[in-house]
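This report describes ring pairs and their surroundings in one protein model. Please look at the sequence and structure first.

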Amino acid sequence: MNINGPLYKSGRRFYREALETLTATGVPFLVGGAFALESYTGLARRTKDLDIFVRPGDCDRMLTILRTKGYRTELRFPHWLGKAYKGGRFIDVIFSSGNGLCAVDDLWFKHARPVEMFGVKTQVTPPEETIWSKAFVMERDRYDGADIAHLLRAQAKSLDWARLLSRFHRHWRVLFSHVILFSFVYPGHRLQVPSWFMEEMIRRLQREMHSLPVERSVCQGTLLSWAQYLVHVERGEYEDARHMPHGSLTWQETRHMTDVLKQEKRLVKVVGTDE
């Protein structure tokens with residue numbers, strides 16, 4: 001990582017002190033986001049935050065300790081994200097994902113990779129889990145597909161594809177869609193994807209061609225975007241795939257997230273029109 005480059009010049013002190021503070025808490029954590037992406041791809045980008053990943057049971061403890069260290073903290077979304085602010089920058093304390101699918105578990109830590117950042121020894125999120133958590137981010141104002149393409153270009157040959165596929169489970173189409181786009185973006189690298197994986201995806205598609213969908217009453221678009229499919233859910237036309245029994249979230253959790261994003265004016269809903 002080029003931590004001495006111009007992208008990190010203004011924040012170098014914050015990042016170093018933050019990593020030292022986080023390490024001293026004794027709470028296990030992994031660094032993700034832009035720093036993990038750079039460690040795997042060599043591509044740096046500007047960022048004012050530090051994304052760390054912790055187990056769900058460790059979020060409150062991490063926020064409490066950071067508060068004693070002078071950070072202003074909040075549990076922004078109780079089902080997946082806390083924040084700690086200091087000096088105009090902040091730390092995202094992540095323990096799941098907005099759609100409730102990508103909870104941090106022991107495998108994140110088992111397969112994490114050691115790095116040194118700003119003179120501090122730490123670990124970054126595994127490339128497989130990094131792809132998994134980014135794959136469902138398809139908002140109007142944020143799409144992480146390019147990050148995944150960069151990760152596949154740099155890491156496809158060494159990925160644990162079986163574990164990656166198991167992470168997506170019944171949402172394997174989302175992973176397959178990113179792999180297809182990767183082959184389009186970097187056609188010269190498409191053979192880096194194992195042939196068994198592509199054959200398995202084609203086999204699943206062919207099998208589905210001869211059977212009716214199981215979840216015909218569900219909209220799974222809400223797993224990809226907080227806002228762009230709400231109109232159909234709110235009209236009662238479809239069940240929300242984030243909610244139990246399809247997903248892991250409650251109505252209160254998704255309502256809270258929607259309300260917060262509306263307040264921040266980050267959520268622009270798609271408004272349906274009657275034909």
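A residue counts as buried under 20% relative accessible area, exposed over 50% and partly exposed in between, with a 1.4 Å probe and protein chains only. The model is predicted, so local features need pLDDT of at least 70 and side-chain atom pairs count only at pLDDT 80 or more, while totals for chains, interfaces and linings use all residues. Residues are numbered from 1 along each chain as its sequence is written, and side-chain values use heavy atoms, without hydrogens and water.

Rings of Phe, Tyr and Trp (its six-membered ring) pair if their centres lie within 6.5 Å; planes under 30 degrees apart are stacked, over 60 edge-to-face, and the rest tilted. There are 14 aromatic pairs in the structure. Two of them are set out here.

| Pair | Centre to centre | Between the planes | Class |
|---|---|---|---|
| Phe-77 and Trp-80 | 6.0 Å | 10° | stacked |
| Trp-108 and Trp-132 | 6.2 Å | 45° | tilted |

Phe-77 is buried at 3% relative accessible area, and Trp-80 is buried at 14%. Trp-108 is buried at 1% and Trp-132 at 6%. Ring pairs also link Phe-14, Tyr-15, Phe-35 and Phe-118 into a cluster.

A charge sits over a ring if NZ of Lys or CZ of Arg is within 6 Å of the ring centre and within 35 degrees of the ring normal. Lys-86 lies over the face of Tyr-71, 4.9 Å from the ring centre. Arg-153 lies over the face of Tyr-186, at 5.7 Å from the ring centre.
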